[in-house]
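Good morning, and thank you for coming.

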Amino acid sequence: MDINGTCISTTIDDHGPIYVYQTRTSRILSFDGKIYQSCMKLNNINRLHLSYTQAMMAGLFFIPTVKTATVMGLGAGSITKNLLNSFSELNVHAIEYREAVAKIAKEYFYLPDTDRLFLYIDNAVNYMKNSNLKSDIIFSDLYNSEGMEPKQVQASYLRDCKNALNNQGVLVLNICHTALKLREGLDKLLAIEFKNRLLSFEVEGGNTIVLAFKDDIPSINKEELLTKGKWLQEEMNIPMERYAQLLADTQDL
(Lines give C-alpha, C1' and ligand atoms only; values in the text may rest on other atoms or scores of the structure.)
Protein backbone atom coordinates (compact mmCIF):
# COMPACT_ATOMS: atom_id res chain seq x y z
CA MET A 1 0.00 0.00 0.00
CA ASP A 2 1.40 3.37 -1.03
CA ILE A 3 -1.08 5.53 0.88
CA ASN A 4 0.16 6.61 4.28
CA GLY A 5 -2.51 6.24 6.92
CA THR A 6 -4.66 3.72 8.70
CA CYS A 7 -7.22 1.77 6.72
CA ILE A 8 -10.51 2.31 8.58
CA SER A 9 -12.82 0.63 6.07
CA THR A 10 -12.55 -2.02 3.37
CA THR A 11 -15.53 -2.87 1.19
CA ILE A 12 -15.64 -5.25 -1.77
CA ASP A 13 -18.43 -5.15 -4.33
CA ASP A 14 -18.78 -6.69 -7.80
CA HIS A 15 -16.30 -4.17 -9.20
CA GLY A 16 -13.51 -4.60 -6.68
CA PRO A 17 -12.29 -3.17 -3.38
CA ILE A 18 -13.01 0.25 -1.91
CA TYR A 19 -10.66 1.51 0.79
CA VAL A 20 -10.99 4.39 3.24
CA TYR A 21 -7.80 5.59 4.95
CA GLN A 22 -7.37 8.11 7.69
CA THR A 23 -4.39 10.20 8.71
CA ARG A 24 -4.12 12.77 11.47
CA THR A 25 -5.59 15.44 9.20
CA SER A 26 -7.31 13.69 6.28
CA ARG A 27 -9.61 10.94 5.11
CA ILE A 28 -8.83 9.29 1.77
CA LEU A 29 -10.84 7.16 -0.67
CA SER A 30 -8.94 4.70 -2.86
CA PHE A 31 -9.87 1.84 -5.17
CA ASP A 32 -6.46 0.16 -5.17
CA GLY A 33 -4.69 1.29 -2.01
CA LYS A 34 -2.18 3.27 -4.09
CA ILE A 35 -3.89 6.17 -5.83
CA TYR A 36 -6.00 8.84 -4.16
CA GLN A 37 -9.50 8.79 -5.58
CA SER A 38 -10.56 11.55 -3.22
CA CYS A 39 -9.21 13.32 -0.16
CA MET A 40 -11.07 15.22 2.56
CA LYS A 41 -9.49 17.41 5.22
CA LEU A 42 -11.08 16.62 8.57
CA ASN A 43 -11.02 20.26 9.67
CA ASN A 44 -12.81 21.47 6.51
CA ILE A 45 -14.97 18.71 5.08
CA ASN A 46 -16.48 20.81 2.26
CA ARG A 47 -13.28 22.24 0.80
CA LEU A 48 -11.81 20.79 -2.38
CA HIS A 49 -8.37 19.52 -1.39
CA LEU A 50 -6.97 17.90 -4.56
CA SER A 51 -5.74 20.48 -7.08
CA TYR A 52 -7.41 18.88 -10.10
CA THR A 53 -10.85 19.12 -8.46
CA GLN A 54 -10.20 22.80 -7.76
CA ALA A 55 -9.14 23.32 -11.37
CA MET A 56 -12.33 21.70 -12.67
CA MET A 57 -14.24 24.62 -11.17
CA ALA A 58 -12.76 26.80 -13.94
CA GLY A 59 -15.86 25.97 -15.95
CA LEU A 60 -17.75 28.32 -13.64
CA PHE A 61 -15.77 31.29 -15.00
CA PHE A 62 -17.97 31.23 -18.08
CA ILE A 63 -21.41 30.78 -16.50
CA PRO A 64 -23.20 33.97 -15.37
CA THR A 65 -25.44 32.19 -12.83
CA VAL A 66 -25.20 28.51 -12.02
CA LYS A 67 -28.48 26.93 -10.93
CA THR A 68 -28.13 23.26 -11.90
CA ALA A 69 -24.97 21.15 -11.96
CA THR A 70 -24.45 17.49 -12.82
CA VAL A 71 -21.54 15.47 -11.44
CA MET A 72 -20.70 12.30 -13.34
CA GLY A 73 -18.81 10.12 -10.88
CA LEU A 74 -19.69 10.93 -7.27
CA GLY A 75 -16.68 9.27 -5.64
CA ALA A 76 -16.40 10.52 -2.08
CA GLY A 77 -18.51 13.54 -2.99
CA SER A 78 -15.85 16.26 -2.89
CA ILE A 79 -17.11 18.25 -5.87
CA THR A 80 -20.75 17.72 -4.91
CA LYS A 81 -20.23 18.88 -1.32
CA ASN A 82 -18.26 21.95 -2.32
CA LEU A 83 -20.87 23.06 -4.85
CA LEU A 84 -23.73 22.61 -2.40
CA ASN A 85 -21.83 24.46 0.32
CA SER A 86 -20.74 27.33 -1.95
CA PHE A 87 -24.01 28.11 -3.75
CA SER A 88 -27.10 28.11 -1.58
CA GLU A 89 -29.61 27.95 -4.45
CA LEU A 90 -27.78 25.38 -6.58
CA ASN A 91 -29.24 21.93 -7.26
CA VAL A 92 -26.71 19.15 -7.84
CA HIS A 93 -27.44 15.90 -9.65
CA ALA A 94 -24.77 13.29 -8.88
CA ILE A 95 -24.41 9.97 -10.69
CA GLU A 96 -22.48 7.06 -9.20
CA TYR A 97 -22.22 3.59 -10.75
CA ARG A 98 -21.28 1.79 -7.54
CA GLU A 99 -23.87 1.89 -4.78
CA ALA A 100 -21.19 0.91 -2.26
CA VAL A 101 -19.22 4.05 -3.13
CA ALA A 102 -22.28 6.23 -2.55
CA LYS A 103 -22.82 4.61 0.84
CA ILE A 104 -19.20 5.25 1.81
CA ALA A 105 -19.51 8.89 0.70
CA LYS A 106 -22.40 9.30 3.13
CA GLU A 107 -20.88 7.36 6.02
CA TYR A 108 -17.23 8.42 5.92
CA PHE A 109 -17.14 11.63 3.87
CA TYR A 110 -20.27 13.38 5.17
CA LEU A 111 -22.21 13.66 1.93
CA PRO A 112 -25.15 15.81 3.09
CA ASP A 113 -28.80 14.82 3.19
CA THR A 114 -30.43 17.77 1.46
CA ASP A 115 -33.30 18.30 -0.96
CA ARG A 116 -30.85 20.12 -3.26
CA LEU A 117 -28.93 16.88 -3.93
CA PHE A 118 -30.31 14.28 -6.33
CA LEU A 119 -28.30 11.05 -6.25
CA TYR A 120 -28.64 8.37 -8.95
CA ILE A 121 -27.10 4.90 -8.92
CA ASP A 122 -26.47 4.33 -12.62
CA ASN A 123 -23.67 4.23 -15.15
CA ALA A 124 -22.86 7.51 -16.83
CA VAL A 125 -23.66 6.42 -20.36
CA ASN A 126 -27.08 5.07 -19.46
CA TYR A 127 -27.96 8.07 -17.31
CA MET A 128 -27.01 10.58 -19.97
CA LYS A 129 -28.85 8.66 -22.67
CA ASN A 130 -32.12 8.73 -20.72
CA SER A 131 -31.97 12.02 -18.83
CA ASN A 132 -34.13 15.01 -19.76
CA LEU A 133 -32.34 17.29 -17.30
CA LYS A 134 -30.65 20.45 -18.57
CA SER A 135 -27.61 21.60 -16.58
CA ASP A 136 -25.52 24.74 -16.60
CA ILE A 137 -22.39 22.68 -16.04
CA ILE A 138 -21.53 18.98 -16.19
CA PHE A 139 -18.44 17.59 -14.46
CA SER A 140 -17.23 14.30 -15.96
CA ASP A 141 -14.62 12.67 -13.73
CA LEU A 142 -15.00 8.99 -14.57
CA TYR A 143 -12.19 6.77 -13.33
CA ASN A 144 -11.69 3.24 -12.10
CA SER A 145 -8.68 1.51 -10.56
CA GLU A 146 -7.07 1.18 -14.02
CA GLY A 147 -7.43 4.80 -15.13
CA MET A 148 -9.93 6.78 -17.18
CA GLU A 149 -13.20 4.99 -17.80
CA PRO A 150 -13.33 4.10 -21.54
CA LYS A 151 -17.06 4.87 -21.57
CA GLN A 152 -16.07 8.53 -21.35
CA VAL A 153 -14.43 8.13 -24.78
CA GLN A 154 -17.59 7.56 -26.80
CA ALA A 155 -19.16 9.92 -29.32
CA SER A 156 -22.65 9.05 -28.08
CA TYR A 157 -21.74 9.86 -24.46
CA LEU A 158 -20.17 13.20 -25.35
CA ARG A 159 -23.11 14.06 -27.60
CA ASP A 160 -25.57 13.21 -24.82
CA CYS A 161 -23.58 15.42 -22.44
CA LYS A 162 -23.73 18.30 -24.93
CA ASN A 163 -27.47 17.85 -25.38
CA ALA A 164 -27.94 17.85 -21.59
CA LEU A 165 -26.40 21.33 -21.29
CA ASN A 166 -28.25 24.62 -21.29
CA ASN A 167 -27.40 26.94 -24.17
CA GLN A 168 -24.46 28.56 -22.37
CA GLY A 169 -23.48 25.32 -20.65
CA VAL A 170 -20.03 23.80 -20.18
CA LEU A 171 -18.84 20.19 -19.99
CA VAL A 172 -15.75 19.88 -17.78
CA LEU A 173 -13.56 16.79 -18.09
CA ASN A 174 -10.62 15.66 -16.01
CA ILE A 175 -8.00 13.68 -17.92
CA CYS A 176 -5.17 11.98 -16.05
CA HIS A 177 -2.94 8.89 -16.37
CA THR A 178 -4.58 8.13 -19.71
CA ALA A 179 -3.07 5.96 -22.42
CA LEU A 180 -1.98 7.99 -25.44
CA LYS A 181 -4.33 6.16 -27.83
CA LEU A 182 -7.30 6.74 -25.53
CA ARG A 183 -6.41 10.42 -25.08
CA GLU A 184 -6.03 10.96 -28.82
CA GLY A 185 -9.40 9.32 -29.40
CA LEU A 186 -11.04 11.57 -26.81
CA ASP A 187 -9.47 14.70 -28.31
CA LYS A 188 -10.80 13.83 -31.77
CA LEU A 189 -14.30 13.08 -30.50
CA LEU A 190 -14.45 16.29 -28.49
CA ALA A 191 -13.35 18.35 -31.47
CA ILE A 192 -16.10 16.81 -33.59
CA GLU A 193 -18.94 16.83 -31.08
CA PHE A 194 -18.22 20.32 -29.72
CA LYS A 195 -17.04 21.80 -33.04
CA ASN A 196 -13.65 22.75 -31.57
CA ARG A 197 -15.29 24.97 -28.95
CA LEU A 198 -12.72 23.80 -26.42
CA LEU A 199 -10.32 25.21 -23.85
CA SER A 200 -7.80 23.16 -21.90
CA PHE A 201 -4.98 23.63 -19.42
CA GLU A 202 -2.69 21.45 -17.32
CA VAL A 203 -2.42 21.52 -13.56
CA GLU A 204 0.10 20.13 -11.11
CA GLY A 205 0.10 16.36 -10.92
CA GLY A 206 -0.22 15.89 -14.67
CA ASN A 207 -3.97 16.37 -14.93
CA THR A 208 -5.45 18.10 -17.96
CA ILE A 209 -8.74 19.96 -17.56
CA VAL A 210 -10.86 20.33 -20.70
CA LEU A 211 -13.75 22.79 -21.00
CA ALA A 212 -16.16 21.94 -23.83
CA PHE A 213 -18.80 24.55 -24.70
CA LYS A 214 -22.23 23.77 -26.13
CA ASP A 215 -22.34 27.11 -27.94
CA ASP A 216 -19.63 29.62 -28.80
CA ILE A 217 -16.98 30.19 -26.13
CA PRO A 218 -18.07 33.34 -24.26
CA SER A 219 -15.91 36.37 -24.93
CA ILE A 220 -13.98 37.23 -21.77
CA ASN A 221 -10.86 39.32 -21.27
CA LYS A 222 -8.14 38.78 -18.69
CA GLU A 223 -9.45 41.43 -16.30
CA GLU A 224 -12.95 39.93 -16.31
CA LEU A 225 -11.55 36.44 -15.84
CA LEU A 226 -9.42 37.46 -12.86
CA THR A 227 -12.36 39.33 -11.30
CA LYS A 228 -14.54 36.23 -11.62
CA GLY A 229 -11.71 34.15 -10.15
CA LYS A 230 -11.48 36.43 -7.12
CA TRP A 231 -15.23 36.22 -6.52
CA LEU A 232 -15.30 32.42 -6.84
CA GLN A 233 -12.29 32.15 -4.55
CA GLU A 234 -14.22 33.95 -1.83
CA GLU A 235 -17.38 31.89 -2.41
CA MET A 236 -15.71 28.48 -2.66
CA ASN A 237 -12.66 28.87 -0.40
CA ILE A 238 -10.29 27.50 -3.04
CA PRO A 239 -7.55 29.34 -5.02
CA MET A 240 -9.60 30.21 -8.10
CA GLU A 241 -7.49 33.31 -8.87
CA ARG A 242 -4.61 30.94 -9.58
CA TYR A 243 -6.64 28.99 -12.13
CA ALA A 244 -8.00 32.17 -13.70
CA GLN A 245 -4.43 33.34 -14.22
CA LEU A 246 -3.37 29.93 -15.54
CA LEU A 247 -6.25 29.87 -18.01
CA ALA A 248 -5.52 33.44 -19.10
CA ASP A 249 -1.87 32.61 -19.71
CA THR A 250 -2.70 29.38 -21.55
CA GLN A 251 -5.22 31.09 -23.85
CA ASP A 252 -3.17 34.30 -24.27
CA LEU A 253 -6.02 36.47 -22.96
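Is W231 buried, partly exposed or exposed? W231 has 40% relative accessibility, so it counts as partly exposed; buried means under 20% relative accessible area, exposed over 50%, and partly exposed in between, with a 1.4 Å probe and protein chains only.

Two remarks on the source. This is a predicted model, in which local features need pLDDT of at least 70 and side-chain atom pairs count only at pLDDT 80 or more, while totals for chains, interfaces and linings use all residues. Residues are numbered from 1 along each chain as its sequence is written, and side-chain values use heavy atoms, with hydrogens and water left out.

Let me stay with the aromatic residues. Rings of Phe, Tyr and Trp (its six-membered ring) pair if their centres lie within 6.5 Å; planes under 30 degrees apart count as stacked, over 60 as edge-to-face and the rest as tilted. By this rule there are four aromatic pairs. In one of them, Y19 and Y21 are tilted, at 6.1 Å centre to centre and 45° between the planes. Y19 is buried at 15% relative accessible area, and Y21 is buried at 3%. F87 and W231 also form a tilted pair, because their centres are 6.4 Å apart and their planes are at 40°. This pair links distant parts of the chain, 144 residues apart: F87 is in the loop between α2 (78-86) and β6 (91-96), and W231 is in helix α7 (residues 222-236). Helices (H or I, at least four residues) and strands (E, at least two) are DSSP runs, numbered from the N terminus. F87, at 9% relative accessibility, counts as buried.

I turn to the sheet. Seven strands form an open sheet of mixed pairing, in the order β7-β6-β5-β8-β11-β13-β12; two strands pair if DSSP finds at least two bridges between them. β7 (117-121) and β12 (198-202) stand at the edges with a single partner strand each, so one side of each has no neighbour in the sheet. Strands β5 (residues 68-72) and β8 (residues 135-140) run parallel and are joined by four bridges. T70 has I138 in β8 as its bridge partner.

Finally, the interior. A nonpolar core is a set of buried Ala, Val, Leu, Ile, Met, Phe, Trp, Tyr and Cys residues joined through side-chain atoms within 4.5 Å. The largest has 51 residues, and those with the most contacts inside it include F139 and L211. Helix α8 (residues 240-250) gives the largest share of this core, five residues.
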